[in-house]
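Here are a few exercises to work through with the model open. Try each task before you read its solution.

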Amino acid sequence: MSSDFEGYEQDFAVLTAEITSKISRVPRLPPDEKKQMVANVEKQLEEARELLEQMDLEVREIPPQSRGMYSNRMRSYKQEMGKLETDFKRSRIAYSDEVRNELLGDAGNSSENQRAHLLDNTERLERSSRSLEAGYQIAVETEQIGQEMLENLSHDREKIQRARERLRETDANLGKSSRILTGMLRSGEPAVPSVLPSDVLPTLSLPWRHHPNSETKSHRALL
């Protein structure tokens, strides 16, 4: 499980490094090369998103007690992905501004403040989205932990119930054995009846001690 996650990590690191390099080159390229570079970066960003989804699935398969470290790493990668997308948007805006200025001249600069304001709003929305996603992930992990705790409690309850049943059976056997032994002692019968439970028989394995009076009575009867 962890080996698959680490493999995705390596692919994600290589891919994001390439994307970062290409984004920084976009504003300095000739128009034709810029268009091709923008399309290439869009494709690689989509591949990076797919890698994040695979990594997220791997993390969900990890046991809760070992998942914390991987969840923290996933949050870091998602933040990095958000930063790449923001940088790419800025690069595309710069590229669009350059093309527009070439077509319209100085008239294209009049909306610069509006574009900056729009970009700020976009960044705030992205930060809010990442915070909501992190909160949802924590809620899912908490629900899974709670479900496992309920299952463990259910198993413990079954064990306790089985132990109580065994105690009740043992108590019943002891009561029955006590009544039989009491009857034997009252009647003076030395033999061990076959109806005694098996767990009581060892207690009767001691030699039977005859009362002296019983031997005297037997001798007189013979005379």
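**Exercise 1.** Which residues does Met55 touch, not counting residues up to four places away in sequence?

*Solution.* A word on the ground rules: this is a predicted model, where local features need pLDDT of at least 70, side-chain atom pairs count only at pLDDT 80 or more, and totals for chains, interfaces and linings use all residues. Residues are numbered from 1 along each chain as its sequence is written, and side-chain values use heavy atoms, with hydrogens and water left out.

Step 1: take contact as heavy atoms within 4.5 Å. Step 2: list the partners of Met55, which are Phe5, Tyr8, Glu9, Phe12, Met74 and Tyr77.

**Exercise 2.** Find the residues with the most contacts inside the largest nonpolar core, and say which elements build that core.

*Solution.* Step 1: a nonpolar core is a set of buried Ala, Val, Leu, Ile, Met, Phe, Trp, Tyr and Cys residues joined through side-chain atoms within 4.5 Å; buried means under 20% relative accessible area, exposed over 50%, and partly exposed in between (1.4 Å probe, protein chains only). Step 2: the largest one has 23 residues, and Phe12, Ile19, Val41, Leu45, Leu52, Met55 and Met74 have the most contacts inside it. Step 3: α1 (2-25), α2 and α3 each give two or more residues to this core. The largest share, nine residues, comes from α2. (Helices are DSSP runs of H or I, at least four residues, numbered from the N terminus.)

**Exercise 3.** Is Asp56 buried or exposed, and where does its salt-bridge partner Arg60 lie?

*Solution.* Step 1: Asp56 has 13% relative accessibility, so Asp56 counts as buried. Step 2: Asp56 pairs with Arg60, the closest N and O atoms being 3.4 Å apart. Both sit in helix α2, four residues apart, about one turn of the helix. Step 3: Arg60 is partly exposed, because its relative accessible area is 36%.

Conventions. Salt bridge = Lys/Arg side-chain N within 4 Å of Asp/Glu carboxyl O.
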